[in-house]
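Please open the structure in your viewer and keep the sequence panel beside it, so that each stop of this tour can be selected by residue number.

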Amino acid sequence: MCLHVQYPGGACGYENLYVAGYGINNVALSTALFNDGASCGQCYVIICDTSKSDMCKPGTSITVSATNFCPPNWDLPSDNGGWCNPPRHHFDMSQPAWENIGIYRAGIIPVFYQQVKCWRQGGVRFTINGFNYFELVLVANIGGSGSIKSMSVKGTNTAWIPMSRNWGANWHCLSGLVGQALSFAITSTGGQYLVFEDVVPAWWQFGQTFSTWRQFDY
């Protein structure tokens, strides 16, 4: 495994990472780790491998959140520029996070990593996008496993409607829900099931974000 410095962006859809609850300690994941967006929001502790590089800062580690995708470069070999090519496990790290564990000028360093529990301030957040009969919901600031396995939505006048991952951390359904209060039922990738009842009031409009007090533990 290895990593290098990334710059702002967001294939998970979080846009402003501060507003979404992810701060500055973030990474873009290579194809093998990104899992078509299913890993968005997950947390990893990363340590520089001092046995393989003198560009490490010994005795340090950093916990980061997955907020972006590092695309493969098929024109370059995976050991010389195509760092995010499958099947390589690679972390494209934000500069502030990088400088906790490695010397900046190194560019690339070997690492050890492990997925860990995410700790977030406040509760889960829902941003409602889309139009008419297409609701696109960005789910952010998820604690515990940090990511979603499955999700459903319920309007005031509907039964539970399964949602599908659209891209990154965005989930969608094809239903007319405007004018109804919305509830969400989510199962995290850690297996915890939570219902966020009437978290979006009936007066919601596309583009609005709604915060909750509930949070995942695993």
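## Stop one: a loop and a surface patch

Begin by selecting Val178, which lies in the loop between strand E11 (170–173) and strand E12 (182–188); helices (H or I, at least four residues) and strands (E, at least two) are DSSP runs, numbered from the N terminus. This is a predicted model, in which local features need pLDDT of at least 70 and side-chain atom pairs count only at pLDDT 80 or more, while totals for chains, interfaces and linings use all residues. Residues are numbered from 1 along each chain as its sequence is written, and side-chain values use heavy atoms, with hydrogens and water left out.

Val178 has a relative accessible area of 52% and is therefore exposed, where exposed means over 50% relative accessible area, buried under 20% and partly exposed in between (1.4 Å probe, protein chains only).

Now select residues 134–140, which form strand E8; seven of its seven residues are buried, so the strand is largely enclosed by the rest of the structure. Phe134, Leu136, Leu138 and Ala140 point one way from E8, whereas Glu135, Val137 and Val139 point the other way.

Which strand pairs with E8 over seven bridges? It is strand E7 (residues 125–131), in the antiparallel sense, and two strands pair if DSSP finds at least two bridges between them. Phe131 has Phe134 in E8 as its bridge partner, and in the hairpin of E7 and E8, with two residues between the strands, Asn132 takes a positive phi near 45°. E8 is also joined to E11 by four bridges, and these two strands run antiparallel; here Glu135 has Cys173 in E11 as its bridge partner.

Continue into the loop between E8 and E9 to select Asn141, whose phi near 60° is a positive value in a residue other than glycine. Asn141 has a relative accessible area of 0% and is therefore buried.

## Stop three: strand E12

Select E12 next, which is mostly covered, since seven of its seven residues are buried. Strand E9 (residues 148–155) is joined to E12 by seven bridges, and the two run antiparallel, with Ser183 in E12 as the bridge partner of Lys154. Five bridges join E12 to strand E13 (residues 193–200), again in an antiparallel arrangement, and Ile186 stands opposite Leu194 in E13. Four residues lie between E12 and E13 in their hairpin, where Gly191 in the turn has a positive phi of about 100°.

## Stop four: aromatic rings

Show the aromatic side chains, for the structure holds eleven aromatic pairs, where rings of Phe, Tyr and Trp (its six-membered ring) pair if their centres lie within 6.5 Å, and planes under 30 degrees apart count as stacked, over 60 as edge-to-face and the rest as tilted. The rings of Tyr14 and Tyr22 have centres 4.3 Å apart and planes at 35°, so this pair is tilted, and both residues are buried. Phe91 and Tyr113 have ring centres 4.8 Å apart and planes at 65°, so they are edge-to-face. This pair links distant parts of the chain, with Phe91 in strand E5 (residues 90–94) and Tyr113 in strand E6 (residues 108–116), 22 residues apart.

Finish by selecting Phe126, Phe184, Phe196 and Phe216, which ring pairs link into a cluster.
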